[in-house]
Amino acid sequence: MKAFTVLKGVAAPLPVPNIDTDKIIPKQYLKTIQRTGLGQYLFDEIRFTPDRKERPDFVLNKPAYRQASILVAGENFGCGSSREHAPWALLDFGIHCVIAPSYADIFYNNCFKNGILPVIMPKDKVDILMKDAEAGKPLTVDLPRQKVLRDNGEAFSFEIDGFRKHCLVNGLDDIGLTLEHEPDITAFEKQQKGSQSWLYK
Amino acid sequence: MSKPRTMFEKIWDSHVVRKNDDGTCILYIDRHLVHEVTSPQAFEGLRLAGRRMRRPDATLAVADHNVPTADRATGIHDSESLLQVETLTSNCKEFGVTLFDMHDKRQGIVHVIGPEQGMTQPGMTIVCGDSHTSTHGAFGALAFGIGTSEVEHVLATQTLMQKPARNMRITVEGALPLGVTAKDVILAIIGKIGTAGGTGYVVEFAGSVIRGLSMEGRMTVCNMTIEAGARAGLIAPDDTTFNYIKGRPMAPPEKDWDKAVAYWRTLASDPGATYDKEVTLNAADIAPQVTWGTSPETVAPITGYVPDPDKVAEPARKTAMKHALEYMGLAPGTKLTDIRIDKVFIGSCTNGRIEDLRAAAAVAKGRKVAAGVYAMIVPGSGLVKAQAEQEGLDKIFKTAGFDWREPGCSMCLAMNADKLEPGERCAATSNRNFEGRQGRGGRTHLMSPAMAAAAAITGKLTDVRELA
Ligand code: SF4
């Protein structure tokens, strides 16, 4: 996994609450057996017409936002289906950071597994960043210092779980970390087998 | 005396393998369900890292999302669906995982077959790369959906890195009025707390109404907990639960049965356990529910009207509502029972079990599907289908003009050939009415099986109580 430290880039505004993962990537693209290549279908139904022409009014189709690496969004972003194809599509498009007042749990979790930083900000701060994004002003997201910097230098702090931050900043793979504790897992299984033998064949 | 604990805390505590200083835990996972859409990249990751799978014996796989619900003998025609299903087959073979393939009579929707096989048991931790894993909470198991990276994590380690959720209790007291079902209860709950109302929580459902529900009804309630944003739903296991599990193929063997039940009886929340949030509903206030918008929280009693965005003060909500009504092709103030439908979908992991089909058949019996309406019944599993046929439900449906299909997810998410055309309106027993969920431009109204059957008969949204 790629490490995430400081990201400066174009921020695309998407001021809509409850963007669900069906909207981020519709089911017809879930038939892939790979993680890559989904960026072309990101936000498919709001980005393209049924005959696959770009809708010029959709933010990521506007010249200023084609290179966006940050997305500023509304409440409860990523609700609905657990599909990890949603963060895969964002990443494949080039979005490495989302800023929103709140997220659905599974999506929030899935972001970290893919090196995407989902920043939680109070609504009034997101509104300000949304305006910046709409004005085409770049944002800087500094994960080590836990700050989002506006173009005028003003900094908004954000909270993040320490362990998740550590993994993201260092690009650490969860599975490798867990396997370091394999003896604990084996001990757990032994104890569980003793008390609840019906759980084992 | 130790501090009273909630059911969630008890199950959590008994599965912690290791706790880090910051509170992150390595949580042991007892059972893992796998399907074809969210697993290929996980198996691939395992292979690339040269890792083995820790417990194939605790894992069950099934192809459900992509499989056709008709003409199964001729195989899968869509080449991408076929590749995904074949990839699941070869992964299961390579790693030694039990698979119910498309031609197995036990095949069905992953959340229907787990309970049906007796794999789902109280006190377990159960995961699946699918948000509706919350269904299994109906048995008093801590069950939640995970992403593909986490699927890989479970394949490799049989654990997950997690932090505990907060506790919420939703109590539904009283007696349900006639014609009001588990689906109406959960839709009413989502309407009350909203699609993000449960975010960060595990929700325990309690109260006389919940205790009075069958296992099928409890599964319907827990299934849609995720639509309220909650991590999982939980219902205390009781004799209804134990009787359901007993004798199923993967249930605890006879020699362990009493010991297992004795353990399961210890799981209910202790008296005096505290919750971070409590919500109460009065059953008598719940009428049959239908959704009118593009999110499960946009729900109203069938006796109501399409709401008016202009009466909403908050700008973001007003805009979202206007947009939803535009997408749904509905005018504010329309009587819900005046809305005409084109299609009916009865099935899914929410309402594709035998009791759901019985409820729909009771309405369909001796009646005909309205002219111009296409209505399909998709049993949740091959065993549900066989049971329904044994009871003669298929004949009732076919005589009434319903299409009787093979089991699978089908038009719940329209990944196979079953889908809505743009602008088509559907009465559905599934769980999501998102834009495009049942097909691009398709319009979904969520409701109970009896209500969906009633809509099929009259050709419009209908209060099933008036058909009695
Ligand atoms: S029936 Fe629908 S909600 Fe349930 S697992 Fe299948 S696609 Fe998901």
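**Notebook: salt bridges, rings and the A/B interface**

I began with charges and counted 39 salt bridges over all chains, taking a salt bridge as a side-chain nitrogen of Lys or Arg within 4 Å of a carboxyl oxygen of Asp or Glu. This is a predicted model, where local features need pLDDT of at least 70, side-chain atom pairs count only at pLDDT 80 or more, and totals for chains, interfaces and linings use all residues. For my bookkeeping, residues are numbered from 1 along each chain as its sequence is written, chains are lettered from A and ligands numbered from 1 in the order in which they are written, and side-chain values use heavy atoms, with hydrogens and water left out.

**A bridge between chains**

I picked out B:Asp78 and A:Lys31, whose side chains meet in a salt bridge at 3.2 Å, N to O. B:Asp78 lies in the loop between β4 (59-62) and α3 of chain B, and A:Lys31 in the loop between α1 (21-24) and α2 (44-47) of chain A, so the pair joins two chains. Helices (H or I, at least four residues) and strands (E, at least two) are DSSP runs, numbered from the N terminus.

**The interface**

How many salt bridges cross between chain B and chain A? I found 10 by the rule. In one of them, B:Arg54 pairs with A:Glu182 at 2.8 Å, N to O.

I then looked up contacts, meaning heavy atoms within 4.5 Å: 74 residues of chain B touch 57 residues of chain A. The two chains bury about 5300 Å² between them, with 53% from carbon and sulfur atoms; buried area is the accessible area (1.4 Å probe) that two parts lose on being put together, summed over both. B:Gln41, B:Arg54 and B:Arg440 supply 13% of the area that chain B buries against chain A, more than any other three residues.

**Rings**

I counted 16 aromatic pairs over all chains; rings of Phe, Tyr and Trp (its six-membered ring) pair if their centres lie within 6.5 Å, with planes under 30 degrees apart stacked, over 60 edge-to-face and the rest tilted. One cluster holds A:Phe77, A:Tyr103, A:Phe107, A:Tyr108 and A:Phe112.

I also checked charges over rings (NZ of Lys or CZ of Arg within 6 Å of the ring centre and within 35 degrees of the ring normal). B:Arg248 has its charged end over the ring of B:Tyr244, 3.8 Å from the centre, and B:Arg166 lies over the face of B:Tyr201 at 4.4 Å.
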